[in-house]
Amino acid sequence: MLFWFVYFVCLVFFLMAWFFFCRNLDMEAANFLWFSLKKSIMGIMFGLTISDKFFTVYSVTGSSMHPTFTTSNGSFPAFLKGDIVLVERFWDDKLSHGDVITFKSPTDHKKEFVKRLIALPGDWMQCPNSHDIVKIPEGHCWVEGDNRSSSLDSRHFGPIPLGLVRGRVTHIIWPLKRMSKVERKVVMNRVYRT
Amino acid sequence: MNDRNLRSCASRFVLTTRSKMMKNLGINGKRSRIFTAALFCSSSVSAAAPGYALMAAARGRIAAFLTDAASRLSHIPWRSIGSDALDRASLVVKAACFVHVVNTYIVGIAFVRGPSMLPTINLTGDVVAVERITPRRGTVEVGDVVILISPENPRKTVAKRVVGLQGDAVTFLVDPIHGNATRTVAGLADCYKVPMGHVWVQGDNIYSSRDSRQFGPVPYGLIQGRAFCKVFAIQIY
């Protein structure tokens with residue numbers, strides 16, 4: 001989870017802005033510190049708002065979405081070896097089958113997972129390892145990772161409430177040779193939509 | 001009909017008249033030239049007198065208006081207006097960011113109504129102050145009133161009281177209107193506890209509340225805030 005990127009970028013943006021202004025301002029040291037403090041606080045608030053409402057940047061860890069995303073081990077600077085993705089926040093309920101979404105884990109609210117959305121409320125779907133057909137209850141959805149063998153998803157913790165879903169992954173932005181749009185992959189044979 | 005057209009018509013008329021005059025009446029030389037000039041002036045003015053005069057007047061007025069407007073526009077201080085507008089817009093954006101950050105990370109306001117939390121919260125609605133720090137740190141305790149996103153409808157937020165945390169055993173009246181049957185979520189077997197990462201919520205008014213007794217334990221991530229203070233009690237009888 002690397003959303004500090006956005007704050008840092010916004011902070012850099014604001015620091016550049018005041019650098020630009022500072023050239024024709026004479027300030028003593030205290031004034032200068034106060035000025036830079038104000039600009040940094042503004043930058044942090046601006047970055048937080050953008051990250052909560054519009055889009056943010058995550059670094060993917062864990063191998064549950066292989067081969068869609070390659071991974072890293074999350075610490076600086078090793079996360080630069082893995083994929084960094086652009087996550088857009090929702091303004092409305094337009095979730096579609098096959099979207100890659102991020103959601104707060106139902107078993108630990110501090111962790112956020114990235115999986116693919118397989119079924120929406122009201123759909124009937126076949127559980128992967130058994131022959132049962134379950135109906136996804138109202139307000140819930142079924143998520144699964146692309147890499148079946150090492151993915152902790154709805155096969156373990158069941159359908160998740162839609163209130164936990166935080167965003168949709170739209171693009172991979174790093175490394176540059178893997179920069180691309182993340183496509184929707186719809187699973188045709190297991191889900192019966194109503 | 002524009003000027004040039006009129007003029008060409010008039011000049012053609014004059015020339016044909018002049019040739020006819022010269023042929024038929026024998027007027028030529030200086031007298032004929034004076035005569036043609038007079039004819040020309042009179043013909044061009046009389047042939048198009050109303051239209052031509054009006055058009056010229058209109059064109060003159062439009063030209064005067066345009067030059068006047070151009071000079072007035074160039075005197076408007078566009079640059080300072082632009083920078084003023086940008087300042088105000090950035091002030092609005094900064095205020096919106098501040099409000100969002102405070103509302104999401106520190107404290108917010110919620111309007112709660114409904115019968116499920118009587119007598120704590122009024123039927124017709126109360127305004128409560130909701131703090132966001134405790135749920136984010138994970139220190140919600142049993143007995144807190146929390147605001148959470150309903151697991152049955154992600155667009156609805158509900159207020160309920162936390163009765164059990166993860167790992168707890170919760171005993172509750174299943175349907176208090178129709179008898180005293182109780183159930184216990186938990187037991188000695190591990191798999192019946194409130195699961196990890198979940199909480200058990202119930203409304204204070206168990207006779208008319210839709211809560212964990214119907215939709216099961218709720219993931220902790222759905223909790224949006226903890227209500228700690230009633231700001232404004234609306235009492236409508």
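The expected span of a helix is 1.5 Å times one less than its number of residues, a rule applied in the first of these views of a predicted model.

View 1. In general, an α-helix has 3.6 residues a turn, so residues three or four places apart point the same way. For the complex as a whole, the predictor gives an ipTM of 0.82 and a pTM of 0.74.

**View 2. The overall composition of chain A.** The secondary structure of chain A comprises 3 helices and 11 strands, which follow one another from the N terminus in the order α-α-β-β-β-β-β-β-β-α-β-β-β-β. Chain A has 194 residues, of which 46% count as buried, and the chain exposes about 10,900 Å², with carbon and sulfur atoms supplying 63% of that area. Where contacts in chain A link residues at least 6 apart in sequence, 61% of them join residues at least 24 apart.

**View 3. Aromatic pairing in chain A.** Over all chains, a search of the whole structure finds 3 aromatic pairs. One of these is formed by Phe103(A) and Phe113(A), whose edge-to-face arrangement has a distance of 6.0 Å centre to centre and an angle of 75° between the planes. Phe103(A) lies in strand S3 (residues 100–104) and Phe113(A) in strand S4 (residues 112–119) of chain A, so the pair ties together parts that are 10 residues apart in sequence. Both Phe103(A) and Phe113(A) are buried, and together with Phe157(A) they form one aromatic cluster.

**View 4. The tilted pair of Phe172(B) and Trp200(B).** In chain B, Phe172(B) and Trp200(B) form an aromatic pair that is tilted, at 5.0 Å centre to centre and with 35° between the planes.

**View 5. The surroundings of Ser212(B).** Ser212(B) lies in helix H6 (residues 212–215) of chain B, and because its relative accessibility is 1%, Ser212(B) counts as buried. Leaving aside residues up to four places away in sequence, Ser212(B) touches Val199(B), Trp200(B), Val201(B), Pro217(B) and Val218(B). The side chain of Ser212(B) reaches the backbone nitrogen of Val201(B) at 3.0 Å.

View 6. In chain A, His66(A) and Pro67(A) are joined by a cis peptide bond with omega about 0°, and Pro67(A) has its place in the loop between strand S1 (55–59) and strand S2 (84–88). In chain B, a cis peptide bond with omega about -5° joins Leu118(B) and Pro119(B), where Pro119(B) is found in the loop between strand S1 (107–112) and strand S2 (126–131).

**View 7. Confidence along chain B.** The mean pLDDT of chain B is 82, with 80% of its residues reaching 70 or more. Over residues 187–191 of chain B, however, pLDDT stays under 50, and for these residues the model has 1 contact beyond four places in sequence. Where pLDDT is low, the predicted coordinates should not be read in detail.

Terms used:
Residues numbered from 1 in each chain as written. Chains lettered and ligands numbered in written order. Heavy atoms only, no water. Helix = DSSP H or I, 4+ residues; strand = E, 2+ residues; numbered from the N terminus. Buried < 20%, exposed > 50% of the residue type's maximum accessible area, 1.4 Å probe, protein only. Contact = heavy atoms within 4.5 Å. Areas by Shrake-Rupley, 256 points an atom, 1.4 Å probe, with all protein chains shown as cover. Polar contact = N/O pair within 3.5 Å; in protein donor to acceptor, adjacent residues only side chain to side chain. pLDDT = per-residue confidence, 0-100. Phe/Tyr/Trp six-rings, centres within 6.5 Å; stacked < 30°, edge-to-face > 60°.
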